[in-house]
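Let's walk through this model together, starting with a pair of helices and then moving on to the charged side chains. Keep the viewer open as you read.

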Amino acid sequence: MPTEERLIAFTPAEVLEAMKEFAHRKNRPMPRGKLDGLTFVPGGEPALVLDISVTGSPIAQKIAFRHAEVAAALIMFCKDRAIPLPKASKSLVDREGVPAFRIIFESNA
């Protein structure tokens, strides 16, 4: 059975924006600041840790998200920006340290 694979990749800035929007919708406060680092662990929990430096604080705040939260945030990010997401199997994968969607299409031919 032939398969097709696609990757929808995001920049660290897009991931940060997606997570901020997700947190806002879930009434989960996020610090305002600059993204200092992003750690994505495809097979572990937490799935994503953002290091955000807050003005006036010498220590970056770490904000953690589970896999389901990261996936939901990226799906909402795509929908809000009219980025088409195919109706197919999706999984989060690591692409150069940043989460991406791996999409698998299976042909019935």
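Predicted model: local features only at pLDDT ≥ 70, side-chain atom pairs only at ≥ 80, totals over all residues.

Residues are numbered from 1 along each chain as its sequence is written, and side-chain values use heavy atoms, with hydrogens and water left out.

Two packed helices are described by the angle between their axes and the distance between the axes. Here, the axes of α1 (residues 12-25) and α2 (residues 67-80) come within 8 Å and cross at roughly 100°. That makes α1 roughly perpendicular to α2 (the label covers 65 to 115 degrees). The axes are lines fitted to C-alpha atoms over the stretch in contact, with angles running from 0 to 180 degrees between N-to-C directions. Helices (H or I, at least four residues) and strands (E, at least two) are DSSP runs, numbered from the N terminus.

Who touches whom? On the α1 side you'll find E14, V15, E17, A18, M19, E21, F22 and R25, and they meet E69, V70, A72, A73, L74, M76, F77 and D80 of α2 (contact means heavy atoms within 4.5 Å). Sorted by class, this contact has 10 nonpolar, no polar and six charged residues; Ala, Val, Leu, Ile, Met, Phe, Trp, Tyr, Cys and Pro count as nonpolar, Asp, Glu, Lys and Arg as charged, and the others, Gly among them, as polar.

Now for the charges. Side chains of opposite charge can pair when their charged atoms come close. A salt bridge here is a side-chain nitrogen of Lys or Arg within 4 Å of a carboxyl oxygen of Asp or Glu, and the count comes to eight. One of them joins E5 to R102, with the closest N and O atoms 3.2 Å apart. E5 lies in strand β1 (residues 3-9) and R102 in strand β6 (residues 98-106), so the pair ties together parts that are 97 residues apart in sequence. E5 is exposed at 52% relative accessible area, while R102 is partly exposed at 33% (buried means under 20%, exposed over 50%, partly exposed in between, with a 1.4 Å probe and protein chains only).

R28 sits in the loop between α1 and β2 (34-40), and E69 in helix α2, 41 residues apart. R28 is partly exposed at 27%, whereas E69 counts as buried at 13%. Salt bridges that share partners join R28, R66 and E69 into one network.

Methods: Parallel < 35°, antiparallel > 145°, perpendicular 65-115°, else oblique.
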